[in-house]
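Here is a protein to look at together, one question at a time. Each answer puts a value beside the rule it has to meet.

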Amino acid sequence: MKALLNALQEGRLVELPDNIKTDALEFLGALLEAVPEVPSEDNITEKALARESLHNTGIGKGWACPHATTQVDGELLCSVGWSPDGVQYGSPDGVPVHLIVMYYVPDSQRNAYLKEISQLAKAIHQNEDLQKLQELTELGEVRHALLDAITHAIESVTPESRARMIQLEVRHAAVEAADHGAPLSLDAIAHAIIPVSILVIPGAKPVVLAQDRILVESLESFKTLSEDLEKSGHSAQGDINVVLRSSEHYASSRVLHDCIAFRGATKPA
């Protein structure tokens, strides 16, 4: 759920100023229209409201996902609004909506949008905390719940997909580890490899998203994790190695590192 994570990083998670549906959609549309990459003539708000008049975008369990499409090429974006009291949205289940995720969908990103919506719907269905947003009292709690949803999406990758991922990544990890003085056999890495995303925000502790809770706790205890990745593309502590694959830089000096982590001896098997 890359677009949702980007929205959290870039400050597009807000508490809605009132509980009126049209006002909420206009507010979230204005947030998207303020993104520099979005053409001013794209009229996101008008498109979202026009679509909403034809089809209610409430998906149930306190969530709604309106969207506006465009023929202009660009990134899949979203803005997120939280209503503590709930918006009378007219959802099929009749439940007031506490979280509205509005998407901006370029034609080239339709497949990415459908994949993200599918992952989000699955996370909402399986994560009871995402169905109890009315119990939250602070925007920070909402942010943590959404980060949990992103983690859930990563953990829900099927074994077959994870196996293909390992086949593609294992050789890269072996080469990178050897380059940084931690040579491992292909078999050793393939047995233990885990995809990891690491969000670095200046002045804050890195946020680690991975499938393994113990690994997450270990990586978040690395005192020089972000510095190591920035400087050499590799970090190690004990039997845990982290290898950087790519990084994306965002506003306010925020960086999202795409990494591979694995456990194993630091000598060839």
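Q: What is the accessible surface of the protein, and how much of it belongs to carbon and sulfur atoms?
A: In this predicted model, the accessible surface comes to about 13,300 Å², and 51% of it belongs to carbon and sulfur atoms.

Q: What share of the residues count as buried?
A: To be buried, a residue must have under 20% relative accessible area. Of the 269 residues of the protein, 46% count as buried.

Q: How many helices and strands does the protein have?
A: There are 9 helices and 11 strands.

Q: What makes Tyr103 and Tyr113 an aromatic pair, and why is the pair called edge-to-face?
A: Two rings pair if their centres lie within 6.5 Å, and planes over 60 degrees apart count as edge-to-face. The ring centres of Tyr103 and Tyr113 are 5.4 Å apart and their planes are at 70 degrees, so the pair is edge-to-face. A search of the whole structure finds 1 aromatic pair.

Q: Which parts does the pair of Tyr103 and Tyr113 tie together?
A: Tyr103 lies in strand S6 (residues 97–106) and Tyr113 in helix H4 (residues 110–126), so the pair ties together parts that are 10 residues apart in sequence. Both tyrosines, Tyr103 and Tyr113, are buried.

Q: How do you know that the charged end of Lys21 sits over the ring of Tyr89?
A: One part of the rule is that NZ of Lys is within 6 Å of the ring centre, and the other is that it is within 35 degrees of the ring normal. The charged end of Lys21 is 4.1 Å from the centre of the Tyr89 ring, and it is found to sit over that ring.

Q: What makes S7 and S8 paired strands?
A: Strands pair if at least two bridges are found between them. S7 and S8 are joined by 4 bridges and run antiparallel.

Q: What is the order of the strands in the open sheet?
A: The 5 strands come in the order S8-S7-S11-S10-S9, with antiparallel pairing.

Q: Why are S8 and S9 called edge strands?
A: Strand S8 (207–210) and strand S9 (234–237) each pair on one side only. From one strand to the next, the twist averages 25 degrees.

Q: How many bridges pair S7 with S11, and how many pair S9 with S10?
A: S7 and S11 pair over 7 bridges in the antiparallel sense, and Ser197 has Asp258 as its bridge partner in S11. S9 and S10 pair over 4 bridges, also antiparallel, and Ser235 has Val242 as its bridge partner in S10.

Q: Why is S7 described as largely enclosed by the rest of the structure?
A: 7 of the 7 residues of S7 are buried, so S7 is largely enclosed by the rest of the structure. Ile194, Val196, Ile198 and Val200 point one way from S7, while Pro195, Ser197 and Leu199 point the other way.

Q: Which strands does helix H9 lie across?
A: Helix H9 (residues 225–232) lies across S7, S8, S9, S10 and S11, and runs at about 140 degrees to S9.

Q: Why is Glu227 called partly exposed?
A: Partly exposed covers values between the buried limit of 20% and the exposed limit of 50%. Glu227 has a relative accessible area of 46%, so it is partly exposed. Glu227 is placed in helix H9.

Q: Is His234 buried or exposed?
A: The relative accessibility of His234 is 9%, so His234 counts as buried. His234 lies in strand S9.

Q: What stands out about the phi values of Asn43 and Lys61?
A: Most residues other than glycine have a negative phi. Asn43 has a positive phi, near 50 degrees, and Lys61 has a positive phi near 60 degrees. Asn43 lies in the loop between helix H2 (21–33) and helix H3 (44–54), and Lys61 in the loop between strand S2 (58–60) and strand S3 (63–64).

Terms used: Residues numbered from 1 in each chain as written. Predicted model: local features only at pLDDT ≥ 70, side-chain atom pairs only at ≥ 80, totals over all residues. Heavy atoms only, no water. Helix = DSSP H or I, 4+ residues; strand = E, 2+ residues; numbered from the N terminus. Buried < 20%, exposed > 50% of the residue type's maximum accessible area, 1.4 Å probe, protein only. Areas by Shrake-Rupley, 256 points an atom, 1.4 Å probe, with all protein chains shown as cover. Phe/Tyr/Trp six-rings, centres within 6.5 Å; stacked < 30°, edge-to-face > 60°. Axes fitted to C-alpha atoms, helices over the stretch in contact; angles between N-to-C directions. Contact = heavy atoms within 4.5 Å.
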